[in-house]
Amino acid sequence: MTVKKKLTSLLCAAVMLVCLSGCSQSSKANTSSERKTAMPVNSVKLLGRTYAAPDGKIWMGHSGTGVELEYIGEKLTVSLMGNGGAAEHIARIGVFVDGERTSDVCVDEKGSTVEIIGKGDKAVNVKIIKLSECAFSCCAITGADTHGGTITKAADKPRRVEFIGDSITCGYGVDDQDMSHGFSTATEDCTKSYAYKTAQALGADYSLVSFSGYGVVSGYTDTGAKQDTATVPRYYESCGFTENYGFDGVKPSECPWDFSSFTPDAVVVNLGTNDQSYTGSDSARQSEFTQQYVSFLKQIRAKNPKAKIICTLGTMGDLLNGAMKTAAAQYSAETGDNNVAALDLPLQQPETDGVTINGHPSEITHEKTANLLAEKIKSEMNW
């Protein structure tokens, strides 16, 4: 949804990082003696809108970006480089071996290395995933030492789903259930969000395009003034957006995304939670939201001509659910495209399922949402 308390975040960042971080500040700092051989991009599967730079760096911007590979050997050492920023905004990276998390680090501009223990001549599946979102910081894989082992590309899954959303999709605050705290990337984890969990349930490859505080017609506002620069459609056709840092000299927003590199079977749109802070119950503003939503559906369809589009909303507020469904129906009426569906998501239940910072969903709520959405996608796609 939104970064409602940015000022509060700055004031309590030190406490957050010391007491509540889901990741360590760094693993092992890079030194000049470490090998700097680039990770072979042709031997890894890029996850989501990961950017392979000409100089060999593999940049992770959006939540869920990274690489997946099969490793045969004793030990794989991977070098990472962050791109600076405030302490509470540096990139959080998770490493998963055969589905189990083995490393969880926050990577600043000093860099880090992670060691992945293999099983000798038996292959292990390795995922290196950016857990935090693009808007605050990015991170790059700068090198890899196989220690005599081998890396091969992980197999593609038979299904593909793209998720477009806001902070809920990012997994905002999912690792911090103390409502008195502010935001930190150290407590954001997209692998605990409904989107990642839905992809897992479907056995699908995924791509996440999500920004905290962003909407369709307006980002979050606590004054009622439209925040029309904080909208997802503005950045949908790029590799992302970050407020201060990018892919070395390349801004993610100026790096066009190659839609042919990931062709989703289904596209899930979960937007409107931030827009309702602008629209309220005002009928004219809700109509404006509907019109902009229709335009965004046309933009999505232009880039994904065969995908099923599923519009969802409701976890943190259902004020615009009707306007969302009206937009889906209006889009179909205008274009003749009926390959669109809508799904109302139930409001979260903090009393039974918990809630995290700034009123965001707990992992229990994300799990429930994933179960509902996976069943909806299966039904719509005949999977």
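The legends below describe close-up views of a predicted model.

In this model, local features need pLDDT of at least 70 and side-chain atom pairs count only at pLDDT 80 or more, while totals for chains, interfaces and linings use all residues. Residues are numbered from 1 along each chain as its sequence is written, and side-chain values use heavy atoms, with hydrogens and water left out.

**View 1. The open sheet of five parallel strands.** The strand order is β11-β10-β12-β13-β14. Strands (E, at least two residues) and helices (H or I, at least four) are DSSP runs numbered from the N terminus, and two strands pair if DSSP finds at least two bridges between them. β11 (204-210) and β14 (340-344) stand at the edges with a single partner strand each, so one side of each has no neighbour in the sheet. From one strand to the next, the twist averages 20°. Angles run from 0 to 180 degrees between N-to-C directions, and axes are lines fitted to C-alpha atoms, for helices over the stretch in contact.

**View 2. Pairing of β12 with β13, and the helices on the sheet.** Strand β12 (residues 266-270) pairs with strand β13 (residues 308-313) in the parallel sense over five bridges. Val268 stands opposite Ile310 in β13. Helix α3 (residues 194-202) packs on the sheet, where it touches β10 (159-165), β11 and β12; contact means heavy atoms within 4.5 Å. The direction of α3 makes about 165° with that of β10. Helix α6 (residues 321-335) also packs on the sheet, touching β13 and β14, and its direction makes about 170° with that of β14.

**View 3. Helix α6 and its buried residues.** α6 has 15 residues and reaches 21 Å from its first C-alpha to its last, close to the 21 Å expected at 1.5 Å a residue. The expected span is 1.5 Å times one less than the number of residues. Buried residues (under 20% relative accessible area; exposed is over 50%, partly exposed in between; 1.4 Å probe, protein chains only) of α6 are Asn321, Ala323, Met324, Ala327, Ala328, Tyr331 and Ser332. These buried residues pack against α5 (283-303), β13 and β14.

**View 4. Helix α8 and its buried face.** α8 (residues 363-381) has 19 residues and spans 26 Å from first C-alpha to last, close to the 27 Å expected at 1.5 Å a residue. Its buried residues are Thr365, His366, Thr369, Ala370, Leu373, Ala374 and Ile377. Seen down the axis of α8, they fall within an arc of 160°, so they line one face of the helix; the arc is that of the directions from the helix axis to the C-beta atoms. Asn382 follows α8 and has a positive phi, near 60°.

View 5. Met60 lies in strand β3 and counts as buried at 0% relative accessibility. Its C-alpha is separated by 8.1 Å from that of Ile129, 69 residues apart along the chain. His62 lies in the loop between β3 (58-60) and β4 (66-82) and is buried at 0% relative accessibility.

**View 6. Cysteines without disulfides.** A search of the whole structure finds zero disulfides (pairs of cysteine sulfur atoms within 2.5 Å). For Cys134, the nearest cysteine sulfur is that of Cys138, 4.2 Å away. Cys134 counts as buried at 0% relative accessibility. For Cys311, the nearest cysteine sulfur is that of Cys170, 19 Å away.
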